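Here are my notes on this one, in the order I'd go through them with you. Have a look at the structure first, then read on.

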Amino acid sequence: MFRNPDDPENSLKAKIPEGKKAIADKGYLGEQHTKIAPPSQYDSRELAEFKNRARARHENFNARKKSFNVLSSTFRITKNKKEKHKIVFEVVCILCQYDMENGHPLWDV
């Protein structure tokens with residue numbers, strides 16, 4: 001999770017190095033911190049196009065993860081299922097990474 005109220009030090013937000021930003025969609029427009037770069041009317045044309053390509057690339061990766069039908073159904077998380085869900089998600093990401101490293105890379109941003 002980008003924000004993890006249960007464990008903020010292990011959230012994605014906490015892992016973004018100082019001076020770096022994550023490119024985000026419009027869902028983060030209200031965020032009041034410097035680690036996110038959502039679309040802005042003040043972005044130059046070149047920056048707006050770069051952000052669009054980066055978001056499209058990320059959506060391509062999301063589509064690859066969704067091709068594993070295990071992620072397309074509702075998963076009701078209970079305490080004992082939370083760890084299993086994490087393991088399954090990590091395995092799917094590893095398989096996608098393997099695929100990218102072996103002939104099916106994402107395009108350059």
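The points below go from the overall layout to the core, the cysteines, the salt bridges and the surface.

1. **Ground rules.** This is a predicted model, so keep in mind that local features need pLDDT of at least 70 and side-chain atom pairs count only at pLDDT 80 or more, while totals for chains, interfaces and linings use all residues. Residues are numbered from 1 along each chain as its sequence is written, and side-chain values use heavy atoms, with hydrogens and water left out.

2. **Layout.** The protein has three helices and two strands, in the order α-β-β-α-α from the N terminus. Helices (H or I, at least four residues) and strands (E, at least two) are DSSP runs, numbered from the N terminus. Of the contacts with a separation of 6 or more, 43% are between residues 24 or more positions apart; a contact here means heavy atoms within 4.5 Å.

3. **Burial overall.** Of the 109 residues, 20% are buried. For this and what follows, buried means under 20% relative accessible area, exposed over 50%, and partly exposed in between (1.4 Å probe, protein chains only). The protein exposes about 8,800 Å², and carbon and sulfur atoms supply 54% of that. The areas come from the Shrake-Rupley method with a 1.4 Å probe, and for residues only the protein chains shown count as cover.

4. **The core.** Which residues make up the largest nonpolar core? There are five: Phe61, Val92, Cys96, Met100 and Leu106. Helix H3 (residues 79-101) gives the most to this core, with three residues. A nonpolar core is a set of buried Ala, Val, Leu, Ile, Met, Phe, Trp, Tyr and Cys residues joined through side-chain atoms within 4.5 Å.

5. **Cys96 and its surroundings.** Cys96 counts as buried because its relative accessible area is 5%. Leaving aside residues up to four places away in sequence, Cys96 touches Phe61, Arg64, Lys65 and Phe68.

6. **No disulfides.** The structure holds zero disulfides. Cys93 is in none, and the nearest cysteine sulfur, that of Cys96, is 6.3 Å away. The cut-off for a disulfide is a pair of cysteine sulfur atoms within 2.5 Å.

7. The structure holds three salt bridges, each defined as a side-chain nitrogen of Lys or Arg within 4 Å of a carboxyl oxygen of Asp or Glu. One joins Glu18 and Lys35 (3.9 Å, N to O). This pair links distant parts of the chain, 17 residues apart: Glu18 is in the loop between helix H1 (12-15) and strand E1 (22-23), and Lys35 is in the loop between E1 and strand E2 (36-37). Glu18 is exposed at 72% relative accessible area, whereas Lys35 counts as buried at 16%.

8. **The other two pairs.** Asp43 and Lys51 meet at 2.9 Å, N to O, in a salt bridge. Are these two buried or exposed? Asp43 is buried, with a relative accessible area of 19%, and Lys51 is buried too, with 6%. The side chains of Glu49 and Arg45 form a salt bridge at 3.2 Å, N to O. Glu49 and Arg45 are four residues apart in helix H2, so about one helical turn separates them. Glu49 is partly exposed at 34% and Arg45 is exposed at 60%.

9. **Surface patch.** Ile23, Leu47 and Phe50 make a nonpolar surface patch of about 210 Å². Phe50 sits in helix H2 (residues 45-66) and is partly exposed, with 34% relative accessibility. Patches take residues with over 30% relative accessible area and no salt bridge, joining like charges within 9 Å and nonpolar side chains (Val, Leu, Ile, Met, Phe, Trp, Tyr) within 5 Å.

10. **Two C-alpha distances.** Asn52, also found in helix H2, has its C-alpha 9.1 Å from that of Ile23, 29 residues apart along the chain.
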